[in-house]
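Biologist: Please take a close look at one part of this model, and describe how that part is put together.

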Amino acid sequence: MIEVEVKVRADHSKIRPVLLEMGASKIGVEEQSDVYFAAPYRDFAKTDEALRIRSLGGHSVLTYKGPKLDKVSKTRVEIETPVDETAVAKIFHSLGFTEAGAVRKKREIFRAGEITVCLDAVEGLGEFLEVELDVEDGKDLESPRIQLFKFLSQFGLNENDSIRTSYLEMILEMRIQNHY
Ligand code: ATP
Ligand code: CA
Ligand code: CA
C-alpha cells in the first residue's frame, strides 16, 4: 500500500467546525505512543525510511515506511501488521536495533468521503492536521495528491503549508536546540 499524505500545522478549533459543516464524520480518538528504531547497519534518517512500533489502546502495530516518493507530500510505501510490542522490541534489541526516539500524540480521526483526516495534538510540538488517501501499489499517485490539496484549500491551506518533516525529526531537532 502507498500512503499519500499531507501534513500541515493547524489550529484544531478552527478546523473542527469546518470539517463537521462539510459533513465529515468522526471515526474515533486514539492515544498513540510510537517508538522509532534505528538499524545498526543503515541510517533510516538518511535513507528516509522508518521502523516503528505504535501502541494504542491495548494493542500494537509494527510499521515500515519507505522513502518519500515526491517533493511536496509525504507519499510513500507503508506496510503495517499487528504485533506483540514487548516481543518485537526484544527481537529488535537482540539484533542490535536501538530506539531512535518516541512520539506521543492524541489523534482525532475523521472521514470525509475517501479522505482520512487526522487532528493530531503532539506532545511537545502542538497541533497538526494530516490528510491521507491509501492507494494500491502501482496506481497513479498524482490525482490522490491533487485531491488532498483540493480538500485542504477549503481550509485556506495550500502546497506552501505542507510540512514534510516527520514528528520524530521535529522532536529530535527540538532536543538539540534545548540541549537535552
Ligand atoms: P502515521 O502517518 O503513520 O500515523 P505519524 O503521522 O505519527 O505517522 P509521521 O511524521 O507522518 O508520523 O511519520 C513518521 C516519520 O518518522 C517518518 O516520516 C520517518 O521518515 C521518520 N523517521 C523514522 N525513523 C527516523 C530516524 N531514525 N530519524 C529521523 N526520522 C525518522
Ligand atoms: Ca499516515
Ligand atoms: Ca503521518
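Modeller: Helices (H or I, at least four residues) and strands (E, at least two) are DSSP runs numbered from the N terminus. The model is predicted, so local features need pLDDT of at least 70 and side-chain atom pairs pLDDT 80 or more, while totals for chains, interfaces and linings use all residues. Residues are numbered from 1 along each chain as its sequence is written, and chains are lettered from A and ligands numbered from 1 in the order written.

Eight strands close it in the order E1-E5-E4-E3-E2-E6-E7-E8, with antiparallel pairing (at least two DSSP bridges between two strands). Neighbouring strands are turned by 35° against each other on average, direction ignored (axes are lines fitted to C-alpha atoms, for helices over the stretch in contact; angles run from 0 to 180 degrees between N-to-C directions). E1 (residues 2–9) and E5 (residues 76–83) are joined by two bridges, and Glu3 is opposite Arg76 in E5.

Helix H1 (residues 12–21) packs on this sheet, touching E6, E7 (115–122) and E8 (126–135), and its direction makes about 155° with that of E7. Helix H3 (residues 85–94) lies across E2, E3 (50–56), E4 (59–65) and E5, at about 155° to E3.

Notes
Two residues are in contact if their C-beta atoms, placed from the backbone, lie within 7 Å.
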